[in-house]
Structure formats: structure tokens, C-alpha cells
Amino acid sequence: MLEQSQQPSSNSWKSKFRPVFEMAEMIITALVLYFLIDSVIARVQVQKISMVPTLVPGEVLLVNKLAYSFGEIENGDIITFHYPLEPDLDYVKRIIGKPGDEVIVENGDVWINGDLLFEPYISSPPDYEGAWQVPADGLFVLGDNRNPSADSHIWGFVPLENVIGKVFAVYWPPTKIRGISTPNIFSITQ
């Protein structure tokens, strides 16, 4: 009778290290998902009062980085962008003028290409005046807290290449979770 050799089976080796492989697989999957999500969605914390009452300091926003790769820029969108005068800083503002638009602020009203904007989201009407022609590669942005906001009426246009993405939700703090939509700022019947 031939004796079979007593060699460890490959199944016992696999069973001993199975939990290690499963843990490594879970960690790799989590990292891949994190980086995939991070490449599409940014998280930005509101730092200043320029978007009050719509957004307040301390709120954390979700930003769709691909919004303008697949969709059009709309007047009224809230965006994040690299501040043109100091690109290491990210700002949050509302798009008022798109490329080619004429923006006029007069007597507390904002006009785009001759149309009066309906802006129930602002804290108070602007107490400044001016006229701006938005260049083909830029955006005119204003804060909802118009008067103390450092925005396009002070420092100029946001180059399109500086846009990070469109804000679509507030996710922190938990009591303030909500979606952010673009209002029809050309309609007074909202």
C-alpha cells in the first residue's frame, strides 16, 4: 500500500489568509470609491457671510464638478470657483451674468440684457450701481448678501477655467440638510 504524502493543502493556506484578503479587498474598494466620488463631487465649507440668507457660515456644501461638462451654465446657479485674485482661495457665489450678458445694477435692481431679475433670495437690494459686459470667457457673480459681498461688482469677472462646479446640496450640519436648486430669476411669478 502506498502512503500519501502529508503536504499542506493549498485550501488550508487560503482559508488561513482569507480574512486578510477580504479586508484588503474591502479597503481597496473603499479607496477606489472614495477617489471616484472625489473626482466628481467636491465638499466646500461656507466661510463668510456673502451668501446669507441662502447659505450661512459653517454649512458644508456638495459640489458637482461635472455639472458644466454635461450641462449649461444658468443664470442663478450657485457655484464654487478659484478666486481670480488669489487662486488658492475658493469662493461660493451666484451666477448673475453668463458670457456675453450685459449686467446693470441700478436703483437697487439688477438687470440682465434688459430683463429685471426676480431675486427673493437676497438679504437686501444692492446699494451700489454699475454696468458690466461679461466677456466670452467669464462669469459675473454676486453674493446673496449683496452689500458686504466681495464679488464681481468689486473685483471683476470669474474666468470659466476657475469654476470648480455647481453647488447641489448642503449636507452639514444634519439639521440643515437640503438640496440647492436654481431659481428662475427671470420670472416674477415664482
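**Exercise 1.** Compare the radius of gyration of the protein chain with that of a compact globule of 190 residues.

*Solution.* The protein chain has 25 Å, whereas a compact globule of 190 residues would have a value near 16 Å. The radius is taken over C-alpha atoms, and the globule rule is 2.2 Å times the number of residues to the power 0.38. Next, take the spans along the principal axes: the C-alpha trace covers about 105 × 35 × 35 Å.

The model is predicted: local features need pLDDT of at least 70, side-chain atom pairs count only at pLDDT 80 or more, and totals for chains, interfaces and linings use all residues. Residues are numbered from 1 along each chain as its sequence is written, and side-chain values use heavy atoms, with hydrogens and water left out.

**Exercise 2.** Determine whether Glu59 is buried or exposed.

*Solution.* Buried means under 20% relative accessible area and exposed over 50%, with partly exposed in between (1.4 Å probe, protein chains only). Glu59 has 3% relative accessibility, so Glu59 counts as buried.

**Exercise 3.** Find the partners of the Glu59 side chain.

*Solution.* Start with the backbone: the Glu59 side chain reaches the backbone nitrogen of Val56 at 3.1 Å. Then turn to side chains: that of Arg178 lies at 3.1 Å from the side chain of Glu59 in a polar contact. Such a contact is a pair of N or O atoms within 3.5 Å; within protein, one must be able to donate a hydrogen and the other to accept it, and residues adjacent in sequence count only if both atoms are side-chain atoms.
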